[in-house]
Amino acid sequence: MGDVELAEALRRQGISDTRVLEVIRELDRAAFVPESMRDVAGQDSPLPIGHGQTISQPFIVAFMTQALNLQPGERVLEIGTGSGYQTAVLARLGAEVYTIESLPELAGPARARLERMGFEGIHFRVGDGSAGWPEDAPFDAILGTAAPERLPPALYQQLRPGGRLVLPVGPRHGSQELIRVTRPSRGEAPQVEKLLGVRFVPMTSSPPPGFVH
């Protein structure tokens, strides 16, 4: 059972990527939330998943995914596995997903859930997301579902030329911005776009000052 009504609501809110909408339509968000939350899983709102973490609002999931402009076969690094919903969206788009979760209490169940649902080609790690996954870099795209105060330099360095990075940045209790950073094909400065005001849980490790603030 998928989320047909949810996908239609997202389309009305301006999500235009038909591939993203189709994935939202096919996935059952209720499978990624605690049993007590399943009756409201089809609503366009964030929901608690335990351990102080949330599953993002579906509009934000769709908006961030659309902003990545993923193509089948691209390699994407996800920072913050959570319950695995965003991971599933990326995988259903045909990406090879590398996903990092700092909390073992979430990472284990998310991996079991995705494997039980038949997902393949997803690489899992428990650790500090701000450090990325250097031994398997570079990536075509990077998506963060937790907010560092500044863009971690290691993540930008792990983008291939032409790669896109979408993540929220800002303080825990202050204003956060969803940004998209594109790494140029040559040595020019990165292209940084501010997309949307957002509020995300903090990334567990605060990176040192980098080139984006």
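**Figure 1. Charged side chains in the predicted model.** Lys and Arg count as positive and Asp and Glu as negative, with His and the chain ends left out. On that basis the chain of this predicted model carries 21 positive and 25 negative side chains, and the centres of the two sets are 4 Å apart. Eleven salt bridges are found in the whole structure.

**Figure 2. Overall fold.** The chain contains six helices and nine strands. Along the principal axes, the C-alpha atoms fill a box of roughly 50 × 35 × 35 Å. Of the 213 residues, 51% are buried.

**Figure 3. Close-up of D17 and R19.** A salt bridge joins D17 to R19, with 3.6 Å between the closest N and O atoms. D17 counts as buried because its relative accessibility is 14%, under the 20% limit. R19, at 29%, is partly exposed.

**Figure 4. Close-up of E26 and R92.** The two side chains form a salt bridge with an N to O distance of 3.8 Å. This pair links distant parts of the chain, since E26 belongs to helix α2 (residues 18–26) and R92 to helix α4 (residues 85–92), 66 residues apart. E26 is partly exposed at 44% relative accessibility, and R92 is partly exposed at 38%.

**Figure 5. Close-up of E115 and R111.** Their side chains meet in a salt bridge at 3.1 Å, N to O. Both residues lie in helix α5 (residues 104–116), four residues apart, or about one turn of the helix.

Terms used:
Residues are numbered from 1 along each chain as its sequence is written. This is a predicted model: local features need pLDDT of at least 70, side-chain atom pairs count only at pLDDT 80 or more; totals for chains, interfaces and linings use all residues. Side-chain values use heavy atoms; hydrogens and water are left out. Helices (H or I, at least four residues) and strands (E, at least two) are DSSP runs, numbered from the N terminus. Buried means under 20% relative accessible area, exposed over 50%, partly exposed in between (1.4 Å probe, protein chains only). The place of a charge is taken as NZ of Lys, CZ of Arg, CG of Asp or CD of Glu. A salt bridge is a side-chain nitrogen of Lys or Arg within 4 Å of a carboxyl oxygen of Asp or Glu.
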